[in-house]
Amino acid sequence: MAPNIPGSSPSNLPAAGKAKSSRGNRADALVTLLATIGIAVVLNALLTQSNVRADLTEQGIHTLSPASVKAATDLEGVTITAYISKKLPETVPVPGGGKMALKGIERAFRDKLEEYAAASGGKVKLIYAEDNNPGIGTIEEQAEAAKLEPFSSSEAQLAGSELKFARYAMGATFHYQTVHEVLPKALQLGFLEFEITKILLRLKEKHEAAQVQKEPLAQGKAVFEAVKACTELVQKKGKVEDAKDEGAAGLSLKGSTDPTQKRLEGLQAAKEDIAKTCGQVATALSAATKLRGKSQFGDQLLTNAEQFKSISDELLQYISGKAEEAKDKPKQAAMAVTQLSSMLEEFFREVDRAHTNLADSPGRKVVGFLCGHDEFCPFAEQEPLFPEQAAMMMGQNNPMMKQIVQAATQIAQGIDDTNSRIGDNLFTRRGYSIRRVAADEPIPAEISALIVYAPRRALSEYTSYQLDQFLVAGKPVVLFAQEWDAAVMNMAPAEDLAQEMRLDYTNIAPSGSNLQDWLRPYGVDLKRELTMDSKHVENIKLMKLVNRGGLQFQTQQDFPYALIPVATKFDRSHPLSKSLESLPLPYPTSVEPSAELAKDSRFEVVKILQSSESSLKKTPPLPLLPPALKEWVLKEQPTGPHTLALYVRGPFKSAFSGKELPKRPEKQQTDPSRPPEKVSANDPEMQKRTFKSEGAGKLLVVASNLGIEGLSRGAVLKGFDMSKMAQFSAEIIKEYQGWNANFQNWQIRIGQVSHLLGDNLQFLTNVIDWSTSHEALVEIRSKGDSRRPLQQLQDGEAKNLRIGALLAGPLLLIAAGLLRWRLRKSRHAALRV
Amino acid sequence: MSANTVIRVSNLVKQYDTKTALDGVSFDVHGGEILGLLGPNGAGKSTTMKILTTYLTATSGEVSVDGIDANSDPVKVRAMLGYLPESTPLYADMVVYDYLHYVGSMRNFAKADLHKRIAEVVRMVGLQEYVGFQIANLSKGYKQRVGLAQALLHNPKVLILDEPTSGLDPNQIVEIRNLIRELGSNHTIILSSHNLAEVRQICDRVVIIHRGKVVADGTLDELEGRVAATHRILLGVQAPAGKETGGQAAADLLSSLKALPSVLSAQLSHQSQAPVPHATYELEASSDIRGELFRWAEAKGHTLLELRRKDLDLEGIFQSLTQDAQA
Amino acid sequence: MNAVLTLARRELAATFDSPIAYIAGAVFLVVTGLLFFFGHDGTADFFAAREATLRPLFEYAPWVMAVILPAVTMRLVAEEKKSGTLELLVTLPITDLQIVMGKLLGAIGFLAVTLAATLVFPIAVATIGHPDLGAVAGGYVGLLLIGVAFLSLGLLTSTWTHNQIIAFIVGLLLCVFFWTATDALLKVAFDRPPLALQLLSFKTQFDDFTKGVVDLRNVVYFLSVSAVAVIGSVYSLQSRHWK
């Protein structure tokens, strides 16, 4: 018999040998099965500690950037202490309503911290705070003590008989040598790497700068400690146990049970002690010679400490019975003491804040915002709208005027509050040091980068000159240009008070900026035409008032808006645009390098943002309402791309070389009661500065305000003139209504583009980081959470695309099936042996 | 053990839960032999074959093919076997050629050889016209050929065919039997059947399994010799003309038959008026007395309609064998 | 190996010879597409959200896979058991492990074809935006792994019975259980489920893939679930020897 058995050679049968043990024997098979399960479990358990991963995202969103790795390896001996609540809630509330799920955040946070520790090669040490270690309390308590920001859950929990929002912590502190930083709350995973790297960079800068400023810092600390000791002692000695103390402390007439009386007695008993401890404040103050006049925060600290000292002095007067007005009037003395001690605490908080800022200030770079041309200027005005006396005088003349004055003051107050809140929230709280740079004044030396944010009035010659000198001095100048003031569906000032409010005022007018002129000498051509797009656009949210049953309702509708084109082309070589995917720019113009500049090889010219091919530029008049504009734009010939942001670096020539240098204008004193300001021109530092005719500089021009519209007195209280206010007229009432409308219109316009502000503010903070040479941070943040938008589609297009995508797969599959069936049939028919 | 032993089955026991399917089955198969595995349904033929093909494992006992133990190296054993399970399970949705190609690939054929070999096998089983047919569309007989073709494809040393003719029509049965006969010339074959005639036609040797035990092992003639101590003869006669053919006449005939020498017993098995009035008797005799019966009928004037020796049927053999075993 | 590939090829062909492949594939594509464009409650609108992301696809697809894939694997062994072809298959000179691997591989072929057909969604998105292609790739790696795990579980249930419907229903329950029910069950059973149990959930393990991160831990997890199901299937096939 021919043993032609193809399958029988053992080499063809890899599993033949194994078969013996696995076959037929139930025990063997069971062992194999259980061993597989066991290996699987052990392998998975072992790997929980591993951190081997491939980040496939284009920009490595989930991997530490080289900049972060460098930051982690640059510092020898950083200790990170992580505070993570044992039991995190499912969701936390987010500002503006809604909830954010926390699923997986804890693991991601731990992973991220461990990634840093691993990347540092042992230089960063990571500790997790332990719960309930004896004497240090729960993790949440420890976190609070470490100045983290605890947060609460969305759902209240029943604790005993009452509903309570439990407090949770997730954050970390960073120690390096003598300096310290806090990551207060780590809930935004997209920004985690940015925040941590920023902290590491800060630690380094802070440490280096603190070495140089050792003395002033120590003096500041001494002052703070003295103030703190005094406050604590007064608090302790003046503590009134009586629980009935609530509220009407000073009004009680119950003699010796009076808490104010008790407090006085308590303090009196310890008067020597208090005198001694609080006396230290004066000592520390007089010793703080190196601190005075050196920095904003140092001066703030001193000012507050001095006020603290005067209050504590007064308090001592009362306690020791030396105060003139309180002699033999124990009741008044007691009340005064209570008041003074609460003031004391208030000033202690100020001192504490100033000291925190001071301790935090070393190495911090200051960014200046030019103010005074109705720009975006995130500070409160320094002067009140009406000098106190003037306001009083005007009110006396006419009750009507009094009301208007009050209302105008309120608007001004609202503007100030809004601006300082913006400044605080957007910048100061995020660790940026920003400073107001007033118009017509020299730019202070501490400013390391200057932002001119959408001025709507012309810069004076002197200010232009200051900017010019700042630029040629090699410091970055960033201009945001808003060449048009656009109002879409705004409130028009009603003709008289009885008329209904309408939201139909639509207008576009050139803003009063002269940035175009300022830029020309440097070879930068800021265009006046508006750039718009037919395809790559963002929505505008328009409010409508609907009258239903006599009640007015506001409704909101989204329209794709050609005047909010989305930048789609980015220069990948520049850190600002390296990892951007899109940026919507409301009402932009465009900015191009002049022919000479483009040719000049000494200059680096980067078109950071460009609009799409489908964009075009036009000068108003234009139809402004979205549907009409859309139609209009579709008919026009696209001329894109246009440059929306331009960066130029090179040896700029001063625009003022060979010209007579502008003189600083005389400052008008609006309030005669205020002490005249120190003329900083006499500052020896200022006088040292001499004219520079040329120098390497960095200039960034963005042809839009990014939707972040400035709120300023000038723009809101248009035509305000105090001299007019002296006399009542119908004119003034109308003007007042206009102001009111202006203020509300600002809110309306911000609301119309509010959905873009997230991305755009991020770009703004990137610009600030870049301008203060924190380019590494720009890169990290840009990759963080950048939105990748879809093109604006016509209604039909979306539908077609959707149907196409839904049907293409199944149709393809079925077509392939039919084809296969046909092929099989013909193949089978042709089969022969 | 003869040097020629290809399959050795020794003392197989297969226990399902409480039921014992095989209870110590042993036999050998020699090279080139066609062995018939005989037994009624449920006797253990299929179980034996499933263990032989390594589909199942015996509870105890050993099976070896060409000296290789099926339990320790089943894959090697499978490579030497071609198997056609009972009722020929095939992938109905496949085309004959593709199916054979698939089986060939699974058996590690080189691609070039495979086509040639498929053509050979297809010709051997007579499927040339049907290679492009879906198996589902083939008649039972052709399906059986496909089953044989897949079993033959790798030219196995041993073919194991479980009830290869069951469910086929008589023509198909003849064709398949002839095919198996041909194959027997150069393959060792084990086939199972419950049809004695089939086994007689095809097999060289028979192993009879009954209730999980081997009750007989030998050539069919040997077996028949063992069980054929008595001879069964069928006798059919036309009723003599003019004579009454009622019960009385038949009974008379019966008693006269019984009176014949060497007739052990006789019984009237059939009686009918159509097409002609006749009666059939079944006799048991101690020797083949057909000659005497012919003469007897002639002498008595009966018209002889039928006179033949009755084949041993399986039942009869089992009866005898098991009676033997009991005796 | 050759035998495994041959078997896989046959299984794949058999899958695509039967209408169930096309029905399952088409249902998968349409349902996933609808979920992708409209969300699970039909209120979301992908184009209104205007974000060039494929994450909704990756979040919903496993749901649909948990239902569709058991329908594809149900026939793998159950059908052969019923028709008796399994007897021929296992008496071919291959091991039971090879059989299971071959069948699984064939089913993976179907999965790959179906997933390839879903590429119309990234392509559609890419025509009107710039999705992060790396993240998309990561999502697909995840879908493939979770799909293989589902198929292995489906294959396992198919070895338990000769009734395809039972194989499908049990497979479906098993897949849905691993995909999500663990979450719900754990929530009922524990105030705060232990990490080890949380990690059992496919959902937890799948999360990183949707972000574009391929983490060794997740990969090993899905592969080990598949491995256990494969060895379980082999065990189940072998159980004929001692039944």
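Predicted model: local features only at pLDDT ≥ 70, side-chain atom pairs only at ≥ 80, totals over all residues.
Within chain A, helix α7 (residues 214-237) packs against helix α9 (residues 271-287), with the two axes 8 Å apart and at an angle of about 160°. Because angles over 145 degrees count as roughly antiparallel, α7(A) is described as roughly antiparallel to α9(A). The crossing of α7(A) past α9(A) is left-handed. On the α7(A) side, the residues making the contact include A:Ala222, A:Val223, A:Ala226, A:Cys230 and A:Leu233. The residues contributed by α9(A) include A:Ile274, A:Cys278, A:Val281 and A:Leu285, with A:Asp273 also among them. Classified by residue type, the contact of α7(A) with α9(A) comprises 14 nonpolar, three polar and two charged residues.

Between chains, the contact involves 49 residues of chain A and 53 residues of chain C. On the side of chain C that touches chain A, two or more residues are given by each of α2 (19-38), α7 (96-117), α8 (120-127), α9 (133-158), α12 (202-211), β1 (213-215) and α13 (216-238) of chain C. Of these elements, α13(C) provides the largest share, eleven residues. This side of chain C consists of 30 nonpolar, 15 polar and eight charged residues.

Strand pairing also links the two chains. Strand β1 (residues 53-55) of chain A runs antiparallel to β1(C), and three bridges join the two strands. In this pairing, A:Asp55 has C:Val213 of β1(C) as its bridge partner.

Notes:
Residues numbered from 1 in each chain as written. Chains lettered and ligands numbered in written order. Axes fitted to C-alpha atoms, helices over the stretch in contact; angles between N-to-C directions. Helix = DSSP H or I, 4+ residues; strand = E, 2+ residues; numbered from the N terminus. Parallel < 35°, antiparallel > 145°, perpendicular 65-115°, else oblique. Left-handed = near helix turned anticlockwise from the far one by under 90°. Contact = placed C-beta atoms within 7 Å. Nonpolar A, V, L, I, M, F, W, Y, C, P; charged D, E, K, R; others polar. Pairing = 2+ DSSP bridges.
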